[in-house]
Amino acid sequence: MIIRRFALAIGCVFALGAGTAHADWPEHPVTIVVPFAAGQTGDMIARMVGKELEAKFGKAFIVENRPGSGGRIGTTYAARAKPDGYTLLMTSTGPFAITPALYPHDTKYNPITDFVGIAETASTPQVIAASNGSGITSFADLVKRAKAKDLSYGSAGNGSLQHLTMELLKKEIGFPMVHVPYKGSAESKTALIGNTLEVTSDSLPPLLTSIKANQIKALAVVDAKRSPYIPDVPTLGELGFPKLSAVAFFGLVAPQGTPKEVVQAINKEVIAMFKTPAFQEQMRAQALTPPTERTPEQFSAYLAEEVGRWKKVVEQANVVVD
């Protein structure tokens, strides 16, 4: 009986210690893994959010870029991290919902079982743009050029939303294009501005400055409605392709098993920061659409829906990766 009581007492001490550890989180810097190259949309959002969380919690939130393989490298790394609240992942549609469907045998993580949702951080539509040197000034020009000769398009990498958007477009319109994968948006945009690449698909934030400066030409917004940031650019729906819509979500997730108290604490602060005028202004400055307010459970459910939706898209479109 004495031994049993001693064991119970020891168990209670450990339980109280664990609870205290959660309450004291964070005790040291937190890493936000970004599976994209620096300068890409997810990277910009991670740095914006990390700065705010650092101010709220009083510990550094360090952004660690681990790009490559359409986001698989960084996402796999985060999935294998210790679920203690000190490793988070800034994910998006590409690596979370599309890549597992495109590379079922080469993807070393399961987006649903390996992660828990924390909070959505932003969304943004895809934009199809052309280099000035290509001579393509409208979507009609793009179709005409693609039908007349080989045309190359760039993306942020195999399995990215940028890649799949163009593959869906190819299938819908029925013209060939050659895929040129880059390590991230920054590289593909540089190639577009330098006229070594003719066309790209990317989310609006990394392209907007170059569009406004007339360094590249925006041809279409891949969404049901026009973007308020480039109101003169038509949607693919207006151009006769209403079925095509590609809006990227961005959000924070953590390795499955991360303490619920930590997940809820981050969710609370992320939602609060997005309601402040100062942060909303930052969102507008980056041409981002503010996130939908969701609990961690609701965001996890949304992520599961996106995984299922894009898996179906990949299967129906019969997309072939390079």
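What is the volume of the largest cavity? The largest cavity has a volume of about 50 Å³, in a model that is predicted.

**Basis of the values**

This is a predicted model, in which local features need pLDDT of at least 70, side-chain atom pairs count only at pLDDT 80 or more, and totals for chains, interfaces and linings use all residues. Residues are numbered from 1 along each chain as its sequence is written, and side-chain values use heavy atoms, with hydrogens and water left out.

**Overall form**

The protein has 11 helices and nine strands; these are DSSP runs numbered from the N terminus (helices: H or I, at least four residues; strands: E, at least two). Its radius of gyration, taken over C-alpha atoms, is 21 Å, close to the 20 Å that the globule rule gives for 322 residues, so the protein is as compact as a globular protein of that length. The globule rule is 2.2 Å times the number of residues to the power 0.38. Along the principal axes, the C-alpha trace spans about 85 × 45 × 30 Å. Of the 322 residues, 53% count as buried (under 20% relative accessible area, with exposed over 50% and partly exposed in between; 1.4 Å probe, protein chains only).

**The cavity**

The structure holds one cavity of 30 Å³ or more. A cavity is a set of points, on a 1 Å grid over the protein atoms alone, where a 1.4 Å probe fits but cannot get out; lining residues have an atom within 4 Å of a point. Grid points are joined across faces, edges and corners, and the volume is the space filled by probe spheres set on the points. Among the residues lining the largest cavity are Thr165, Val222 and Ala246. Helix 6 (residues 161–173) gives the most to this lining, with three residues.

Gln126 is in strand 4 (residues 115–131), whereas Ser134 lies in the loop between strand 4 and helix 5 (139–148). The table lists their relative accessibility.

| Residue | Relative accessibility | Class |
|---|---|---|
| Gln126 | 1% | buried |
| Ser134 | 8% | buried |

The side chain of Gln126 reaches the backbone nitrogen of Asp202 at 3.5 Å. For Ser134, a polar atom of the side chain lies 2.7 Å from the backbone oxygen of Ser131. Leaving aside residues up to four places away in sequence, Gln126 touches (heavy atoms within 4.5 Å) several residues, including Thr165, Val222 and Ala246. With that exclusion, Ser134 touches Arg145 and Glu198.

Technical notes
1 Å grid on protein atoms, 1.4 Å probe; cavity = no way out; pocket = protein on both sides within 12 Å on 5 of 7 lines; lining within 4 Å. Polar contact = N/O pair within 3.5 Å; in protein donor to acceptor, adjacent residues only side chain to side chain.
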